[in-house]
Amino acid sequence: MLTFILRRVLQGIVVIIIVSFLTFGLMHLAPGDPIDIMVGEARVTDEQIARIQAQWGLDKPFHEQYITWVGNALRGDFGESVVRRGVPVSEMVLDGAWVTIQLNVLAMILAIGVALPVGMIAAIRRYTTFDYFSMLGASLGVALPNFWVGLMLIFLFAGYFGILPSSGLNSPTAYILPVIVLAIEQTALLARLMRGSTIDVMTQDFVTVARAKGLRELPIIFRHIARNALLPVITIIGYRISFILSGTIVVETVFAVPGLGRQFIQSVDRLDYQVMQAIVLLLSIAVVLGNLLTDLTYAYIDPRIRVQ
Amino acid sequence: MSETSEDRTVQGSRQLEGSTADLAGLERKQRSEFRRAWNRFIRYRAGLIGLAFIGLLIIFSIIPGVFAPHDPAEIFPGQSRSGPSTDYWLGTDSRGRDVLSRTIWGARTALLVGVVGTGIATLIGVAVGSIAGYFGGWTDAILSRFIDALMAFPLLALLIVLAAILGPSLVTVTVIIGITVWTAYARVARADILSLRERDYVLAARSIGVPSTRLIIRHMLPNILGPVIVLSTLGVGSIIILEAALSFLGLGVQPPMSSWGRSLSDARPFITSYPHMAIVPGVMITLTVLAFNLIGDGLRDAIDPRQRE
């Protein structure tokens with residue numbers, strides 16, 4: 001088990017290093033000098049530009065700049081926003097991250113709360129109308145573009161009925177629409193997965209044995225089927241983080257929610273590279289950590305994994 | 001027949017013999033297998049409906065001008081944001097362009113990006129995955145970590161950065177989607193090639209000195225084609241959503257070109273009062289993605305039954 005943990009943690013670190021390198025390299029390819037953006041229309045001499053370059057270390061070779069950036073990032077210092085002068089990137093990003101985490105945790109709770117029971121009931125009542133309609137809904141849920149659902153819900157609940165705010169997060173009710181939209185795709189996927197995994201477990205011998213022993217349906221479902229069927233679903237939740245974060249970028253933009261996703265889009269619009277690369281790096285680290293935790297949890301719950 | 005037996009004695013043309021025999025065997029087998037797969041596929045009615053819908057879209061995207069009542073880029077003065085009427089069946093958008101015509105022309109963008117993007121991703125993914133799976137060792141370790149790193153980026157964040165850096169356009173969108181979403185194909189190809197490598201026929205081919213490239217392309221790839229085709233079909237839908245999302249954020253297809261995502265972004269500021277501009281483009285995205293997913297499900301049952309849920 002210890003070697004397994006060590007190996008996975010090492011792999012995770014290697015991946016984060018590659019990710020940080022790719023992120024930094026990508027920003028270097030970007031058009032528009034950070035100095036141009038900072039100076040704007042003001043008239044400056046070449047000497048002044050050279051002074052700024054030296055001050056920020058922009059005259060140093062690529063690998064030195066990269067090492068400086070990583071060193072600072074490790075201490076939680078992502079520099080200052082070039083656009084919002086004087087504001088530390090880390091401060092901006094922390095505010096946004098808190099909003100994003102709140103929204104997505106709520107969405108995930110909603111998704112799990114709906115998907116697991118629906119998936120299980122659909123599996124147990126296989127080929128019934130409930131199964132048919134819930135799986136039709138799941139297929140639709142995967143195909144629906146979240147930004148369009150967001151727009152339609154804004155029209156219905158903010159425009160037509162006028163009962164929910166269309167943007168921002170100024171009241172508790174403002175959370176309702178973004179959370180629902182964020183939850184749709186996850187609900188659909190998890191429900192499908194839960195159905196499949198429940199069907200798999202239901203046909204296994206130990207369930208037949210439990211039935212043969214004369215156990216009643218409910219204890220069989222909860223004690224034997226549900227616990228085993230949950231395993232593959234738990235893993236997928238961890239691996240979905242990358243997609244969840246992709247979704248949050250669009251949904252936060254649709255609802256004008258001040259989270260990490262909207263900050264990201266704004267920094268892209270303003271070519272605020274410091275903020276952009278900090279957010280991309282943070283999101284990627286979140287994905288790597290999520291996958292790592294999932295692997296370790298899975299190995300802890302299911303001893304069969306450790307052997308491989 | 002006589003040619004084959006003659007060749008067998010001539011060492012120098014062993015390659016020729018191998019390739020013609022392969023070709024003949026492959027062709028015969030493929031045809032019957034294709035027919036069997038097709039027979040299995042048409043039993044799944046939802047997949048057929050999906051296929052019919054995509055067929056219709058293909059016709060739309062080849063000759064959109066025949067179906068669209070107006071020029072998609074034409075601005076009708078004094079007609080902005082008007083509701084459905086006999087002249088403009090689905091109304092007009094915020095600039096006074098015909099929503100129906102733009103939706104029909106949008107099919108071309110969606111299919112083009114979806115299919116070409118998937119093609120690029122499949123090619124890169126299968127190539128990288130095969131190399132990692134076949135050679136193993138350090139090659140595999142390095143490629144696998146690179147794949148992990150690419151998968152660690154939230155896909156949309158990476159696409160947004162790339163689109164912003166390269167400048168958004170139809171070509172940029174297609175290419176950046178293609179070069180970022182291939183990781184799933186690489187993983188499947190790697191795993192399948194890895195297991196094929198241990199087969200006797202691969203060992204036999206290696207022992208008579210078939211070069212690696214030829215061995216992978218001619219003898220191993222045909223065997224992993226099934227799962228790859230299924231994955232590609234299921235992938236088109238998600239790429240169409242990505243294109244729509246990028247265009248919605250203003251980082252995809254640029255005006256005057258029509259894109260369903262772009263139409264939604266144009267409709268967004270007026271959504272509470274003029275929802276008609278957003279309804280049909282969104283429905284089209286959903287149905288197209290659904291159709292590709294249904295075809296993919298049908299294909300999975302037909303060609304690759306072990307992947308069945």
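Me: Where does helix α8 of chain A bend, and by how much?
Reply: In this predicted model, helix α8 of chain A, residues 176-202, bends by about 35 degrees, and the bend is at A:Ile184.

Me: How many residues of α8(A) are buried?
Reply: Of the 27 residues of α8(A), 21 are buried, so the helix is largely enclosed by the rest of the structure.

Me: What is A:Leu116 in contact with, leaving aside its neighbours within four places in sequence?
Reply: With those neighbours left aside, A:Leu116 is in contact with A:Leu190 and A:Met194. A:Leu116 itself lies in helix α5 of chain A.

Me: Is A:Leu116 buried or exposed?
Reply: A:Leu116 counts as buried because 20 C-beta neighbours lie inside 10 Å, and 20 or more is what the term requires.

Me: Where is A:Leu218, and is the residue buried or exposed?
Reply: Helix α10 of chain A, residues 217-239, holds A:Leu218. With 8 C-beta neighbours inside 10 Å, A:Leu218 counts as exposed. The C-alpha atoms of A:Leu218 and A:Thr198 are separated by 14 Å, and the two residues are 20 apart along the chain.

Me: How many residues does each chain give to the contact between A and B?
Reply: Chain A gives 40 residues and chain B gives 35 residues. On the chain A side, the elements giving two or more residues are α1 (2-29), α6 (129-143), α7 (146-160), α11 (241-254), α12 (260-269) and α13 (273-301). The largest share, eight residues, comes from α7(A).

Me: What classes of residue are on that side of chain A?
Reply: The side of chain A that touches chain B has 32 nonpolar residues, eight polar residues and no charged ones.

Me: Which residues touch the most other members of the largest nonpolar core?
Reply: They are A:Ile279, B:Ala157, B:Leu159, B:Ile160 and B:Ala245, in a core of 157 residues. Helix α11 of chain B, residues 212-248, gives the most to this core, with 15 residues.

Me: What does B:Ile160 contact, beyond its neighbours within four places in sequence?
Reply: B:Ile160 is in contact with A:Val268, B:Leu249 and B:Leu251.

Me: How many helices and strands does chain B have?
Reply: The secondary structure of chain B comes to 13 helices and zero strands. Of the 309 residues in chain B, 45% are buried.

Me: And what share of its contacts join residues at least 24 apart?
Reply: In chain B, the share is 70% of the contacts between residues at least 6 apart in sequence.

Me: Which peptide bond in chain B is cis?
Reply: The bond from B:Pro255 to B:Pro256 is cis, with omega near 10 degrees. B:Pro256 lies in the loop between α11 and α12 (260-267) of chain B. Most peptide bonds are trans.

Me: What is phi at A:Tyr127 and at A:Ala256?
Reply: Phi is near 65 degrees at A:Tyr127 and near 50 degrees at A:Ala256. Most residues other than glycine have a negative phi.

Me: Where do those two sit, and are they buried or exposed?
Reply: A:Tyr127 is in the loop between α5 (89-124) and α6 of chain A, and counts as exposed with 8 C-beta neighbours inside 10 Å. A:Ala256 is in the loop between α11 and α12 of chain A, and counts as exposed with 12 C-beta neighbours inside 10 Å.

Definitions and conventions:
Residues are numbered from 1 along each chain as its sequence is written. Chains are lettered from A and ligands numbered from 1 in the order in which they are written. This is a predicted model: local features need pLDDT of at least 70, side-chain atom pairs count only at pLDDT 80 or more; totals for chains, interfaces and linings use all residues. Two residues are in contact if their C-beta atoms, placed from the backbone, lie within 7 Å. Helices (H or I, at least four residues) and strands (E, at least two) are DSSP runs, numbered from the N terminus. Ala, Val, Leu, Ile, Met, Phe, Trp, Tyr, Cys and Pro count as nonpolar, Asp, Glu, Lys and Arg as charged, and the others, Gly among them, as polar. A nonpolar core is a set of buried Ala, Val, Leu, Ile, Met, Phe, Trp, Tyr and Cys residues joined through C-beta atoms within 7 Å. The bend at a residue is the angle between axes fitted to the seven residues ending there and the seven starting there.
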